Each structure stands twice: as C-alpha cells, then as structure tokens.
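Keep the sequence at hand.

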Amino acid sequence: QVRLVESGGGSVQAGGSLRLSCVVSGYTYSSRYYCMGWFRQAPGKEREGIASFSGDGGTTYADSVKGRFTISKDNAKNTLYLQMNSLESEDTAMYYCAADSKTWFRAHLRPHDYDYWGQGTQVTVST
C-alpha cells in the first residue's frame with residue numbers, strides 16, 4: 001500500500017505563491033516506478049489534472065498552469081512538490097497528489113489511471 005500526505009495549502013492573495021508538498025510512503029513505493037501527479041477539484045467541477053512527473057523524469061502540465069506552476073520531486077525524501085506562482089482566483093480548489101504504478105514511464109493527467117491518492121490540501125486565492 002502506498003500512502004500520500006499533502007501539505008502546504010492555505011490562503012493567498014492573487015499574484016502570490018505557494019508550494020505544496022506530498023510525502024509518499026509505503027513498502028511498495030519506489031519513485032522510479034511511479035508516475036506522480038497533482039490534481040485539483042473546485043466545488044461543482046470535475047477533478048482536473050494539472051501537472052505530472054513520470055518515473056523516468058518526464059513532465060507535463062495542463063495549459064491552465066503552464067508557465068506558472070512547476071512540479072518537482074526529491075527522491076531521497078520521497079516527496080513531490082508543486083511550486084505555484086502568479087496565483088489566480090481560478091486556482092482556488094482542493095489539491096491532491098496521486099501515484100500511478102501502471103503507466104510510470106510516461107507523465108500524464110488522466111485521473112482515472114492513478115492508483116493512490118492523498119487526502120488533499122485546500123488552496124484559496126483571493127482578489
């Protein structure tokens with residue numbers, strides 16, 4: 001079993017920055033063989049994939065965050081990060097990290113293909 005715990009959410013004014021963290025644990029987890037992703041879900045909306053980091057180092061981003069958000073990971077700490085800059089009110093949502101053990105070799109934003117999910121951390125951006 002793989003466990004993911006997010007942190008770093010909070011309230012920030014538009015134009016500000018936040019960094020989310022996701023600590024991964026579990027005896028079956030090896031960062032090389034998991035595709036990791038960040039997703040978000042606003043009230044009344046579907047879950048949206050925003051950034052992904054494959055096991056072999058590839059990344060992909062949703063157009064809505066490209067150029068503003070950066071995904072990274074520290075394999076030694078088993079931690080995934082999401083640096084969010086130039087935040088907008090539209091970025092307000094619950095943010096989740098997730099792990100995919102099947103398509104680990106390719107970064108992707110398909111939520112239904114991810115096996116493990118964290119509990120989420122709330123990000124609120126005010127104008």
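This is a predicted model: local features need pLDDT of at least 70, side-chain atom pairs count only at pLDDT 80 or more; totals for chains, interfaces and linings use all residues.

Residues are numbered from 1 along each chain as its sequence is written, and side-chain values use heavy atoms, with hydrogens and water left out.

Start with the core. A nonpolar core is a set of buried Ala, Val, Leu, Ile, Met, Phe, Trp, Tyr and Cys residues joined through side-chain atoms within 4.5 Å. Buried means under 20% relative accessible area, exposed over 50%, and partly exposed in between (1.4 Å probe, protein chains only). The largest such core has 29 residues. Trp38, Leu82, Met84 and Tyr95 touch the most other members. Several strands supply at least two residues each, among them E3 (18-25), E4 (35-41), E5 (48-53), E7 (69-74) and E9 (93-100). Strands here are DSSP runs of at least two residues, numbered from the N terminus.

Now look at E4. Six of its seven residues are buried. E4 pairs with E9 in the antiparallel sense over seven bridges; two strands pair if DSSP finds at least two bridges between them. Within that pairing, Gly37 has Ala98 of E9 as its bridge partner. E4 also pairs with E5, again antiparallel, over five bridges. There Trp38 stands opposite Ala51. E4 and E5 form a hairpin with six residues between them. Gly44, in the turn, has a positive phi of about 80 degrees.

Next, find Cys22 in strand E3. How buried is Cys22? Its relative accessible area is 0%. Cys22 is in contact (heavy atoms within 4.5 Å) with Leu4, Val5, Glu6, Trp38, Asn78, Thr79, Leu80 and Cys97, leaving aside neighbours within four places in sequence. One of these, Thr79, is 57 residues away in sequence. The C-alpha atoms of Cys22 and Thr79 are 5.4 Å apart.

Finish with Lys73 in strand E7. A polar atom of the Lys73 side chain lies 3.5 Å from the backbone oxygen of Ser54. Beyond four places in sequence, Lys73 touches residues including Ser31, Tyr34, Phe53 and Tyr81.

Methods: Helices (H or I, at least four residues) and strands (E, at least two) are DSSP runs, numbered from the N terminus. A polar contact is a pair of N or O atoms within 3.5 Å; within protein, one must be able to donate a hydrogen and the other to accept it, and residues adjacent in sequence count only if both atoms are side-chain atoms.
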